[in-house]
Amino acid sequence: MKTYIGKIHLKWCKNCNIPLLGRVCEVCRSKAVEVKLTPPGDPRLGFKYDIDFINGILEEEFGAKNVLNGKIILLNKIPGNEEAYEVIVDGEVKYLLYFDEDRERWKIKLKLNGARDLIEKGAYKRIIKIKDDVVEVLKNRKGSILRPGIIEFTDNIEERDDVIIVDEGGRVVGVGLAVVSSKDIKNMEKGKVVKVRFFIKDDKDDYKAGKVYDSLEEAFELMVKANKGVIDAFERNAIGFIKNTYEKLKKPVMVAFSGGKDSLATLILTLKALGKDIDVVFIDTGLEFKETLKNVEEVEKHYGIKIIRLKGEDFWEKVKEYGIPARDYRWCSEVCKLEPLKKFIEERYKDDVLSFVGIRKYESFSRATKKRIHRNTYIRKQINVLPIFHWSSLHVWIYLLREKAPYNKLYEKGFDRIGCFMCPAMEMGEIYKIKKEFPELWEKWENILREYAKKHNLGEEWIRKGLWRWKYKV
């Protein structure tokens, strides 16, 4: 079932090869082209880390080098049981990046034009050449490729790999899923080899890859210019909303700053609307990345403000008392975040406080159901106000780039979420990333998990497969 949380804003300028939020590119005046995405359709901006990461997988799996260099890419997270992203390049989804939990690694699923780009960049792995008469049979319908229809195949295909399908002339005609390995194909005379996922509809071949830039920074700069009018309008509306809310309610003002992009955008807007005579509050849970703590200092210096730091009870002590936090047992959020904030608000404000928060409806269905101004049910004196509620992730990123804002550098390491380094809401792909990028942090957490697993006879798989993220009755 598709979940539409709101309008999907993303469009593309095919001429400049950059993402757009409006109907026209403000650089070349070309009409924007719609980009088809899986709802809720809130793609994030890809940085050099993401490009290098995906390039590495494409080279490993298909042999093609530097496929994404010089282009803006977006990653659209897809709802589901496994962590997966649509990779948007040249204004279309060309690849599906997903974490294979069985193989414990990131892999790629291909779209037709993604395969064409790979061949153009010298792909030499996971390719199957089929007879031209088979091509004619498969046009305009899905099916399977049988062993008798195959002329050649590379020797590096494993079962469940995505493969590129070419005709006798080497033209890409389809992509599909290998149901057997290269070794098996050699020993087969008949039987199914590939389940076709996408195939050409006719012989028309007018595909052309998009424009390439000398640097990602150059492309980002053009993207900001091309979206100026839209971002200006969203900024005016947000600032107007902040001012009107303040004038109507006349309460003290607080901005909840987390070190993430959304709270940073909210802080900038609130400073522009109301000035610096406001409280800015950061809650240190004790599980923060050092990059986040550094970003708090950078934001303070950049905007000439003082950020109030709150700290809850020691997580590492409390985990001995409460046990392992889980998706259905989020004691850590209450103890390490909500309680210190509640205490601060109770002591600092005589009456209610207007708390400007960087919540966006596109983040989740539960957030989409919130009112733009609402009272916190846990902290009754806190009235939450959501200035960027209707913004997409791309609105936020273009705004921050335009403002030359000091955003958290964790985003440049491929992180979607900025918060505690471990959280039961994490997916396995995110855990894999933290293990790789911050091994010392994850080892500290795994030591806790091992001790708990040993005490309660839960086994190594409970740790390795991330089963700790769900509560166990022990």
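Helices (H or I, at least four residues) and strands (E, at least two) are DSSP runs, numbered from the N terminus. The model is predicted: local features need pLDDT of at least 70, side-chain atom pairs count only at pLDDT 80 or more, and totals for chains, interfaces and linings use all residues. Residues are numbered from 1 along each chain as its sequence is written, and side-chain values use heavy atoms, without hydrogens and water.

Aspartate 90 sits in the loop between β6 (84-89) and β7 (92-100). Its relative accessible area is 4%, so aspartate 90 counts as buried (under 20%; exposed is over 50%, partly exposed in between; 1.4 Å probe, protein chains only). Its side chain makes two polar contacts, tabulated below. A polar contact is a pair of N or O atoms within 3.5 Å; within protein, one must be able to donate a hydrogen and the other to accept it, and residues adjacent in sequence count only if both atoms are side-chain atoms.

| Partner of the aspartate 90 side chain | Distance |
|---|---|
| Lysine 94, side chain | 2.6 Å |

The open sheet has six strands in the order β10-β14-β13-β12-β9-β11, with mixed pairing; two strands pair if DSSP finds at least two bridges between them. At its edges, β10 (144-146) and β11 (150-153) each pair on one side only. Strands β13 (residues 172-178) and β14 (residues 192-199) run antiparallel and are joined by five bridges. Glycine 174 is opposite phenylalanine 199 in β14.
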